[in-house]
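Let's take a friendly walk through a protein fold, piece by piece. Keep the picture open beside the text as you read.

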Amino acid sequence: MSGILYIVATPIGNLGDISQRAVEILKQVDLIAAEDTRHSKTLLERFGIKTKVQAYHEHNEDQYTAKLIQRLVAGESIALISDAGTPLINDPGYKLVATAHDNHIQIVPVPGPSAIITALSASGLPTHKFIFEGYLPPKSDARKTRLKELQNESRTLVFYEAPHRIVESVKIMQEIFGDNRRITIARELTKQFEQIVRDALSTINEKLENGEIKIKGEFVLIVEGAQESSITDTEILHINQILSEKLSPKEAAGLTAKITGKKKNEVYKLVLEHEK
Ligand code: SAM
């Protein structure tokens with residue numbers, strides 16, 4: 001019989017956040033596959049876990065996935081951990097879990113901390129629907145383009161961001177989402193200098209500039225979604241019709257989209273359906 005692949009979440013700062021079940025499983029498995037063996041050493045030593053540890057990260061996953069699968073097929077049990085939080089959430093492991101499924105190996109998640117959910121739960125922004133964007137592209141132009149694509153997204157938006165890009169990202173967000181859209185900055189969660197601040201984008205930018213929010217440590221950004229427009233289709237068509245008297249169909253649809261907060265292609269679609 002094949003062994004079990006456990007996906008074990010570990011703390012995102014405060015070691016006290018590890019679960020009792022996580023400790024038991026990490027003690028009992030044949031092997032721990034860790035993103036960084038040196039980093040995980042502190043955690044494993046603190047809880048007296050003496051299981052053998054092997055490195056499994058983005059640079060060796062092609063080479064090691066097959067080896068880990070072989071061991072699982074041979075009946076050994078393996079626990080996958082990352083440096084912090086839940087493996088696979090912006091961390092290695094996708095290839096291993098996907099290949100384990102392909103080989104009908106039992107996969108058992110051992111849930112625990114993740115910075116997304118931790119930040120969201122304390123954000124003071126709507127949590128019933130949200131999207132997780134991971135890291136924005138590192139280059140400014142690509143970052144702007146992605147944020148523009150998200151401008152009309154009505155669900156709460158969650159981003160991971162590196163400290164050296166925080167100031168620029170929040171500035172671009174203000175430019176694209178407007179001064180008044182609210183954002184929560186969640187910094188150093190569960191750690192000594194934890195800071196969670198919710199305010200309008202313009203105010204958060206000031207707080208980053210005047211040092212009230214320190215640009216140090218790990219960050220999650222949670223941005224309020226766009227207000228859903230309550231305008232009816234009939235009203236949109238009416239605006240478009242008035243504008244069409246003076247403008248080309250393309251210009252009219254573009255301006256209608258701007259006025260109503262809809263997407264240009266949504267306006268086009270509506271007009272075409274109406275004409276039919
Ligand atoms: N697997 C992790 C998880 O489940 O949250 C995420 C790993 S990702 C490589 C690391 C990013 O997560 C950081 O750059 C930061 O954006 C966020 N993060 C991790 N720990 C955090 C903490 N204690 N406070 C704030 N953000 C954190």
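Two strands count as paired if DSSP finds at least two bridges between them. Helices (H or I, at least four residues) and strands (E, at least two) are DSSP runs, numbered from the N terminus.

## Before we start

This is a predicted model, in which local features need pLDDT of at least 70 and side-chain atom pairs count only at pLDDT 80 or more, while totals for chains, interfaces and linings use all residues. Residues are numbered from 1 along each chain as its sequence is written, and side-chain values use heavy atoms, with hydrogens and water left out.

## The domains

The protein is split into domain 1 (4–113), domain 2 (116–223) and domain 3 (233–275); such bounds come from an automatic or database domain assignment. Taken over C-alpha atoms, the centres of domain 1 and domain 3 are 53 Å apart.

## The parallel sheet

In what order do the strands of the open sheet with parallel pairing lie? The order of its 5 strands is β3-β2-β4-β1-β5. At the edges are β3 (53–55) and β5 (106–110), each of which pairs on one side only. On average, neighbouring strands of this sheet are turned by 25° against each other, direction ignored. For angles like this one, axes are lines fitted to C-alpha atoms (for helices over the stretch in contact), and angles run from 0 to 180 degrees between N-to-C directions.

Look at one pair: β2 (residues 31–34) and β3 run parallel and are joined by 3 bridges. Within this pair, A34 stands opposite A55 in β3. Helix α3 (residues 61–73) packs on the sheet, where it touches β1 (4–8), β2, β3 and β4 (78–81); contact here means heavy atoms within 4.5 Å. The direction of α3 makes about 150° with that of β3.

## Helix α3 meets helix α4

The axes of α3 and α4 (residues 94–102) come within 10 Å and cross at roughly 35°. The crossing of α3 past α4 is right-handed. A crossing is left-handed if the near helix is turned anticlockwise from the far one by less than a right angle, and right-handed if clockwise.

Which residues of α3 meet α4? They are E61, D62, T65, L68 and I69, and their partners in α4 are K95, L96, T99 and A100. By class, this contact of α3 with α4 has 4 nonpolar, 2 polar and 3 charged residues. Here Ala, Val, Leu, Ile, Met, Phe, Trp, Tyr, Cys and Pro count as nonpolar, Asp, Glu, Lys and Arg as charged, and the others, Gly among them, as polar.

## The mixed sheet

Another open sheet of 5 strands has mixed pairing and the order β6-β7-β10-β8-β9. Its edge strands, β6 (130–135) and β9 (195–200), each pair on one side only. From one strand to the next, the twist averages 15°.

Inside this sheet, β7 (residues 156–161) and β10 (residues 219–223) pair in the antiparallel sense over 5 bridges. There, E161 stands opposite F219 in β10. Helix α7 (residues 166–177) lies across β7, β8 (182–187) and β10, and runs at about 5° to β10.

## Helix α7 meets helix α8

Helix α7 also packs with α8 (residues 201–209), at an angle of about 160° and with their axes 9 Å apart. That makes α7 roughly antiparallel to α8, because angles over 145 degrees count as roughly antiparallel, under 35 as roughly parallel, 65 to 115 as roughly perpendicular and the rest as oblique. This time the crossing, α7 past α8, is left-handed.

Among the residues making the contact are I166, V170 and F177 of α7 and L201, I204 and L208 of α8. The contact of α7 with α8 has 8 nonpolar, 3 polar and 2 charged residues.

## Helix α10 meets helix α11

The axes of α10 (residues 249–260) and α11 (residues 264–275) come within 8 Å and cross at roughly 120°. The two helices, α10 and α11, are therefore oblique to each other. In this contact, P249, K250, A253, G254, T256 and A257 of α10 meet K264, V267 and Y268 of α11.
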